[in-house]
Amino acid sequence: MAEVLVFVDHVDGAVRKPTLELLTLARRIGEPVAVAVGAGAADTASVLAGHGAVRVLTADAPEFAEYLVVPKVEALQAAVEAVSPSAVLVPSSAEGKEIAARLAVRIGSGLITDAVDLEAGEQGPVATQSAFAASFTTKSRVSKGVPVVTVKPNSAPVEPVQAAGAVEALAVSFSEKATGTRVTSRTPRESTGRPELTEAAIVVSGGRGVNGAENFAVIEALADSLGAAVGASRAAVDAGWYPHTNQVGQTGKSVSPQLYIASGISGAIQHRAGMQTSKTIVAINKDAEAPIFDLVDYGVVGDLFAVVPQLTEEINTRKG
């Protein structure tokens, strides 16, 4: 069976959930070979092997931390040359998409971004994407070279499957281009204790109907009761009620959780584009004619300041 490269997203050896989802998809089309680079790369092996990686290629060098993106591209290119895979899968983060695009150019291959599913095809892997603000679903395949595909978080389940996970050193030679842009400083993001928005299984978002930054406490309380991430519409962000990093929509982040709860959000196309692929959508809005109700699985017509606290209280009661 052909091997499929999976680029590992990790922090000092702690593997992030989207990578484990990629391993699930990789097993559908071949044998997963993980590529982990940077500090702690070798520490990822046991987790990757426990989720189906037959081999783990690792490389560590100061360049991965000191310079932007290109050293990782060159490591992945070295892996492609060493393995001759049938496909390369990369998490669909901002950095992941840049790595994938640069890799595709270097190896002369086609690129598919933001896939939400992947399956084996007679002429190579077939990727499912949402197009035109999620109004259409398309199926595509790369017709030239080794397919490079980025996959959105929450597109596949995490399935523990034990494999050999043999660790092998990946030889990487860095070009002059790899050291063109140096990282001069880093500022850690303040932790809220909540899941990362794009990776969360549940997202609770607030919009114009929240009517003020101080009222987002209602949204946060519901999110915390569910162990969810907090999102916001563009209107709420533009009003300064919530940070831009939490914006969901065409000009913000795209999410695809198992459950998306929209509170006080009308459902403009810009917002729908960022959350329409959610598995189950619930809306709370006092306007029965709001466009969001055309999209949802469950809708509640009512004042969010009456509905959301009751929902939070009921969830907390059931949790015990």
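This is a predicted model: local features need pLDDT of at least 70, side-chain atom pairs count only at pLDDT 80 or more; totals for chains, interfaces and linings use all residues.
Figure 1. The protein chain carries 26 positive and 34 negative charges.

**Figure 2. Surface and interior of the protein chain.** The chain exposes about 14800 Å². Carbon and sulfur atoms supply 50% of that area. Of the 320 residues, 52% count as buried.

**Figure 3. Helices, strands and overall dimensions.** The protein chain contains nine helices and 16 strands. Its radius of gyration is 21 Å, close to the 20 Å that the globule rule gives for 320 residues, so the chain is as compact as a globular protein of that length. Along the principal axes, the C-alpha trace spans about 60 × 45 × 40 Å. Now look at contacts with a separation of 6 or more: 65% of them join residues 24 or more positions apart.

**Figure 4. Val69, in the loop between α3 and α4.** Helix α3 covers residues 62–66, and α4 covers 70–83. Val69 sits in the loop between them. Its phi is positive, about 55 degrees, although Val69 is not a glycine. Is Val69 buried or exposed? Its relative accessibility is 9%, and buried means under 20%, so Val69 counts as buried.

**Figure 5. Asn154, in the loop between β10 and β11.** Strand β10 runs over residues 148–151, and β11 over 166–169. The loop between these strands holds Asn154. Asn154 is a residue other than glycine, yet its phi is positive, near 65 degrees. Its relative accessibility is 4%, so Asn154 counts as buried.

Terms used:
Residues are numbered from 1 along each chain as its sequence is written. Side-chain values use heavy atoms; hydrogens and water are left out. Helices (H or I, at least four residues) and strands (E, at least two) are DSSP runs, numbered from the N terminus. The radius of gyration is taken over C-alpha atoms; the globule rule is 2.2 Å times the number of residues to the power 0.38. Buried means under 20% relative accessible area, exposed over 50%, partly exposed in between (1.4 Å probe, protein chains only). Contact means heavy atoms within 4.5 Å. Accessible areas come from the Shrake-Rupley method with a 1.4 Å probe; for residues, only the protein chains shown count as cover. Lys and Arg count as positive and Asp and Glu as negative; His and the chain ends are not counted. The place of a charge is taken as NZ of Lys, CZ of Arg, CG of Asp or CD of Glu.
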